[in-house]
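Trainee: I would like to learn how to read strands, cavities and pockets. Please show me on an example.

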Amino acid sequence: MTGETQARLDIAHLRGWIGREEIGADLVSEDLARKYHATFDTPGPAPKAGEVVPRLIHFCLAQPAAPMAALGPDGHPARGGFLPPVPLQRRMWAGGTFAFHGDLRVGDAVRRISRIRDVVHKEGRTGTLCFVTVEHRIEANGSLVLEERQDIVYRGVETAASAAKAAPAAEPGPHRRPMTAQAPLLFRYSALTFNGHRIHYDRRYVTEVEGYPGLIVHGPLQAAMLYYLASELRGVPPDRFSFRGVSPLFDDDDFALEAAEDGGGLKLWTAKRDRQLCMTAEAQWA
């Protein structure tokens, strides 16, 4: 860490955000279910009133709606509100875990309770990192449906090249599905999740300001693709699921969803055509 970064990254101050809470409410509408269904090219008719909606659709529900004047230069709500004001330019969804206790249905009244669990500074192989852990509880009509842990990582722009070079290679999996994630898909997913982060839709910003070679595929979008692959392979959705981002996936990358048996569960991952590993995941059934 440089002396300048050390001076700016006051971890004691940032840890003062631990324990902060944010609560949101929403309804699982038939319109949302229809648009989500279309975005993922799900076969068959979209869910109607009272029917179960796909798991991980909760990413689209009860999201903060900051006024335009309250957005930071990256398109996210300005730091220092619910999330701590980490002074590192790049913000990425590093990973997460999910424990499902039920399903959401069209028409459900949803409540999302979010809490800052931890803020940690680390020196990684790619430089200075700050991890913020957020816990979410998703309730439907007063009953707990999902417990989630979200890991957010902040890093400086200067670490990008070393992070890309350090990404490991993936072995081919016995289950493999070629994929693409082009700009219209990223735009639709950003709109559904009310995610203003410019790295997913603003090519000029992501290349000229943050220095990436293309639009970045959302971490939760990749996780959802892997979750639905696991559900298809086993015939029922996993009760527990975790994922971890390894290296960025871009909109012009050819990649594949891959999976392998792992005892009673599945190990899953995304890998580019050159076998660069982008995300790993694990799925478990009760």
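Trainee: How many cavities of 30 Å³ or more does a search of the whole structure find?

Mentor: This is a predicted model, in which local features need pLDDT of at least 70, side-chain atom pairs count only at pLDDT 80 or more, and totals for chains, interfaces and linings use all residues. Residues are numbered from 1 along each chain as its sequence is written, and side-chain values use heavy atoms, without hydrogens and water. On a 1 Å grid over the protein atoms alone, a cavity is a set of points where a 1.4 Å probe fits but cannot get out; a pocket is an open set with protein on both sides within 12 Å along at least five of seven lines; lining residues have an atom within 4 Å of a point. Here the search finds one such cavity.

Trainee: Which residues line the largest cavity?

Mentor: Among them are V53, P54, F100 and L146. The space inside is about 80 Å³, a volume being that filled by probe spheres set on grid points joined across faces, edges and corners.

Trainee: Which element gives the most to the lining of the second largest pocket?

Mentor: Helices (H or I, at least four residues) and strands (E, at least two) are DSSP runs, numbered from the N terminus. Helix α7 gives the most, with seven residues. The pocket has a volume of about 690 Å³, and F40, T42, P43, Y228 and L229 lie nearest its centre.

Trainee: Which strands does β7 pair with?

Mentor: Two strands pair if DSSP finds at least two bridges between them. Five bridges join β7 to β2, antiparallel, with F98 opposite F241. Six join β7 to β10, also antiparallel, and there G245 stands opposite M279.
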